[in-house]
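Me: I would like to learn how to read the features of a model like this one. Please give the general idea each time, then the case at hand.

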Amino acid sequence: MIEEINELFWNNSSYLLIYTLCIVMLLREKNICKKGRKMFLCYSIAVYIFLICNPLFIAIAFKFFFSLKEEYVRMFYILPIQETICYVITILFLSIMKQKKKILGIFILVVIVLISSNTFISQGLYVVPENIYKISKESLEISNIILEDCGGEADAVIRKEENANDSLYWGIRQYTQKIHLKSEIISGDDFDREYYEVFDDYWKRLEEEVSFDYVICDDNSEMCKQIEEKRFDFLGKSGGYVVYKRSD
Amino acid sequence: MRILGFLYLLIFLPFILGNLIIGKKEYNGNFISSFIIGFLSILSIFHVVYLFIMIGRLQFHILYYCYIAILSLLGIFGIIIMMKEHRKFKIERIHLKSKLLYLCFLMVLAQMIWQITHTMFIYGDDFSYITMVNDIVESDTIYGINYHTGELQDVSDTLYKYLLTSYYPFLAVLAKFCNVHPLIVCKTILPIFLIPISYMVEWEFSQYLFIKYKNRITYLICYSFINFVAGFSWYTVSFRSWTWVWQSKAVLATIILPFVFYYSYSIFEGEFSKRKLFILMIAVSAACGTTIMGIGLTSLIILSQAMICSIRHKNIKNIFGGIIACSPALISMVLYLIFRIM
């Protein structure tokens, strides 16, 4: 367990090595690092050994508070990793007196840190938002189509995929509470295979289970092709999604 | 007007409250220190008010008006005290000729601009949090909406870990007060405030490490740089700082925990005063409002520091001090257990 937690946190990077080196530096440089030594050294070592990596503590924590390793790994928040590394770097930088050596020192340091890890930007986690709400354009447009039509609150059915990355579903939910999204969580493949082959049965069951006036579906899906036969009219479209409204 | 709302709640009131709490003797014109303490106070006060309203199963607008009224009254009281004691607004002397200072500003500014102009394409758990904030504002209930469907539900159906978290109702108050959609508040407005606050905490932290101004700036630049390149894992403080900085976990990891770390150190290692202990209690209370995890993590930091300092100085007073400082966490823990059993 301890190994898994450490692997999860350090993610095979050399940051553990850098952090350990910084702790060793603090142990060595008694005079320069007087204040930081007091603050970081005892605390970091004690917390890491007696709390984070203590099997007894892990067992208690999992019994009462945590159920996943991903949750327990947040225990590392109490370890001043960044502060320790920055402190030692600053101390090293200040101890080099000559300007040329300082520049060389900074350069070496930057290279070491850069090759040890990468930035969040380089991992491609970010996108430029399509609107001020920072949700997908389709979510915003489809929400507004329904809200303009209903004038108050609306019950809608939407195909919600299993994964959390369902930007349309969560975009609408984040934007407004007035559209109630009633649907089952179905993965795309199952939905097409199991339900569309017997669409009438599926539809009957859906109408028995939930009440709704609006349906949001993929433009090219089977549902879209058959829905107009179920007394639903086309209301609007955005991106790859279509909104249908129950006929009066 | 909307901008004024944010400035009132996130700048003006924290500063006044911080001044009120920190006391004239310790104030000494330290703007940053009083501002951080004030910011934690507004979270802490909200947590206390929220718990009463939530247990009473009252509506959101009651929470909203109670909180704004209490804060405004405290604000007026703070101004009166400041005027009576002739306290001057004095910002720490800034060495404007220092190139390092500009470099530091640039790095923080770049991080802010990046987060304002970009968004994460992955959703993580932010969808549920923003949904909950928006549901609170639009439905006038406190966690009375099923965040999956948007339909009304009984509060008892809400997970207790959310019920004990006051941070998202706080964001709802912020959104309602400024009349701005929670999506804009969280993803665009809050990084403008929270990122500088996290660096302010580190700036305060640095005063315990270095005496010289230049060295403190160097430390802050290093911190900003490490923050930028520490993309080795999605469980680090840097990740919180660079991604969903408005989330409760991020506020806990980037602002509250570093504050608790250096502040408890300053108490147990240096001057031990009732006022400082009270400020630490405020920080613990604010942490309890962010996430259930905050209850445990802040207590662990304080008790570890207290224990280490007690052994070093052979002084048991620190341990008692630590336990007193953790009392808000103890109350939250009892509530947590009651909710869990129920």
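Reply: Start with a single side chain: Lys69(A) has a relative accessibility of 30%, so Lys69(A) counts as partly exposed. Keep in mind throughout that this is a predicted model.

Me: Which side chain meets that of Lys69(A) in a salt bridge?

Reply: A salt bridge is a side-chain nitrogen of Lys or Arg within 4 Å of a carboxyl oxygen of Asp or Glu. Here the side chains of Lys69(A) and Glu4(A) form one, with N to O at 2.8 Å. Lys69(A) sits in helix α5 (residues 69-72) of chain A and Glu4(A) in helix α1 (residues 2-10) of chain A, so the pair ties together parts that are 65 residues apart in sequence. Glu4(A) is partly exposed, because its relative accessibility is 39%.

Me: How many salt bridges does a search of the whole structure find?

Reply: Over all chains, the search finds 6 salt bridges. One of them is between Arg246(A) and Asp213(A), whose closest N and O atoms are 3.7 Å apart. Arg246(A) belongs to strand β6 of chain A, and Asp213(A) to the loop between α11 (199-209) and β4 of chain A, so this pair ties together parts that are 33 residues apart in sequence. Arg246(A) is partly exposed at a relative accessible area of 22%, and Asp213(A) is partly exposed at 37% relative accessibility.

Me: How many salt bridges are counted between chain B and chain A?

Reply: The count between chain B and chain A is 2. In one, the side chains of Asp135(B) and Arg173(A) meet at 2.6 Å, N to O. Asp135(B) lies in helix α6 of chain B and Arg173(A) in helix α9 (residues 167-175) of chain A, so the pair joins two chains. The cut-off for buried is under 20% relative accessible area. Asp135(B), at 3% relative accessibility, therefore counts as buried, and Arg173(A) is buried with a relative accessible area of 0%. Another salt bridge is formed by the side chains of Glu138(B) and Lys178(A), at 3.7 Å, N to O.

Me: What else describes the contact between the chains, and how many residues does each chain give to it?

Reply: Take the residues, then the area, then the polar pairs. Chain B gives 78 residues to the contact and chain A gives 73 residues. About 7,200 Å² is buried between chain B and chain A, with carbon and sulfur atoms giving 67% of that area. There are 21 residue pairs in polar contact between chain B and chain A, counting pairs with both residues at pLDDT 80 or more. On the side of chain B that touches chain A, helix α10 (residues 213-229) of chain B gives the largest share, 10 residues. That side of chain B divides into 43 nonpolar, 24 polar and 11 charged residues.

Me: In what sense do strand β1 of chain A and strand β1 of chain B pair?

Reply: Read the sense of the pairing and the number of bridges. Strand β1 (residues 126-127) of chain A pairs with strand β1 (residues 119-120) of chain B in the antiparallel sense, over 2 bridges. Opposite Tyr126(A) stands Met120(B) in β1(B).

Me: How should I read strands within chain A, and why is strand β4 of chain A largely enclosed by the rest of the structure?

Reply: In a regular strand the side chains alternate between the two faces of the sheet. Chain A has 12 helices and 6 strands, and buried residues make up 46% of its 248 residues. In strand β4 (residues 214-218) of chain A, 4 of the 5 residues are buried, so this strand is largely enclosed by the rest of the structure. Strand β2 (residues 154-158) of chain A runs parallel to β4(A), joined by 3 bridges; Ala156(A) has Tyr214(A) as its bridge partner in β4(A). β4(A) also pairs with strand β6 (residues 241-246) of chain A, in the antiparallel sense over 5 bridges. There, Cys217(A) has Val242(A) as its bridge partner in β6(A).

Me: What about a residue in a loop: is Thr141(B) buried or exposed?

Reply: Check location, accessibility and contacts in turn. Thr141(B) is in the loop between α6 (126-139) and α7 (160-163) of chain B. Its relative accessibility is 18%, so Thr141(B) counts as buried. The side chain of Thr141(B) is in polar contact with the side chain of Ser139(B) at 2.8 Å, and a polar atom of the Thr141(B) side chain lies 3.3 Å from the backbone nitrogen of Gly144(B). Setting aside neighbours within four places in sequence, Thr141(B) contacts Phe60(B), Ile136(B) and Leu152(B).

Conventions
Residues are numbered from 1 along each chain as its sequence is written. Chains are lettered from A and ligands numbered from 1 in the order in which they are written. This is a predicted model: local features need pLDDT of at least 70, side-chain atom pairs count only at pLDDT 80 or more; totals for chains, interfaces and linings use all residues. Side-chain values use heavy atoms; hydrogens and water are left out. Contact means heavy atoms within 4.5 Å. Buried area is the accessible area (1.4 Å probe) that two parts lose on being put together, summed over both. A polar contact is a pair of N or O atoms within 3.5 Å; within protein, one must be able to donate a hydrogen and the other to accept it, and residues adjacent in sequence count only if both atoms are side-chain atoms. Ala, Val, Leu, Ile, Met, Phe, Trp, Tyr, Cys and Pro count as nonpolar, Asp, Glu, Lys and Arg as charged, and the others, Gly among them, as polar. Two strands pair if DSSP finds at least two bridges between them. Buried means under 20% relative accessible area, exposed over 50%, partly exposed in between (1.4 Å probe, protein chains only).
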